[in-house]
Amino acid sequence: KVKELMGDNEPDDFSHYFKKSDLDANLLDGKVIHAFCGFKKEGLAHTDVSHLPVCPVCQYLWDHVFQKE
């Protein structure tokens, strides 16, 4: 299912969903964080990702898993 959603794109081709607390830690300390889809972000996350499409796996998980909690 992941390959089907991602197509031939690389994880860096998308903006990803992260837990806010993880994203805050990344921006403050440069902590390595993991997106909902499992993508590992090393180094500081970009704060302006408006030019990138949303990761379809993160979006799927947000819509079908996290919104049901």
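The lining of the largest pocket divides into 9 nonpolar, 4 polar and 2 charged residues. Here Ala, Val, Leu, Ile, Met, Phe, Trp, Tyr, Cys and Pro count as nonpolar, Asp, Glu, Lys and Arg as charged, and the others, Gly among them, as polar. This is a predicted model: local features need pLDDT of at least 70, side-chain atom pairs count only at pLDDT 80 or more, and totals for chains, interfaces and linings use all residues. Residues are numbered from 1 along each chain as its sequence is written, and side-chain values use heavy atoms, with hydrogens and water left out.

Of the 15 lining residues, His16, Phe18, Ala45, His46 and Val49 lie nearest the pocket centre. A pocket is an open set of points on a 1 Å grid over the protein atoms alone, where a 1.4 Å probe fits, with protein on both sides within 12 Å along at least five of seven lines; lining residues have an atom within 4 Å of a point.

Now the aromatic rings. The structure holds 3 aromatic pairs (ring centres within 6.5 Å; planes under 30 degrees apart are stacked, over 60 edge-to-face, the rest tilted). Two of them are tabulated.

| Pair | Centre distance | Plane angle | Class |
|---|---|---|---|
| Tyr17 and Phe36 | 6.1 Å | 75° | edge-to-face |
| Phe36 and Trp62 | 6.2 Å | 15° | stacked |

Ring pairs link Tyr17, Phe36 and Trp62 into a cluster. Tyr17 is partly exposed at 25% relative accessibility, Phe36 at 21% and Trp62 at 35%. Partly exposed lies between buried (under 20% relative accessible area) and exposed (over 50%), with a 1.4 Å probe and protein chains only. Buried residues make up 23% of the 69 in the protein.

Conventions:
Phe/Tyr/Trp six-rings, centres within 6.5 Å; stacked < 30°, edge-to-face > 60°.
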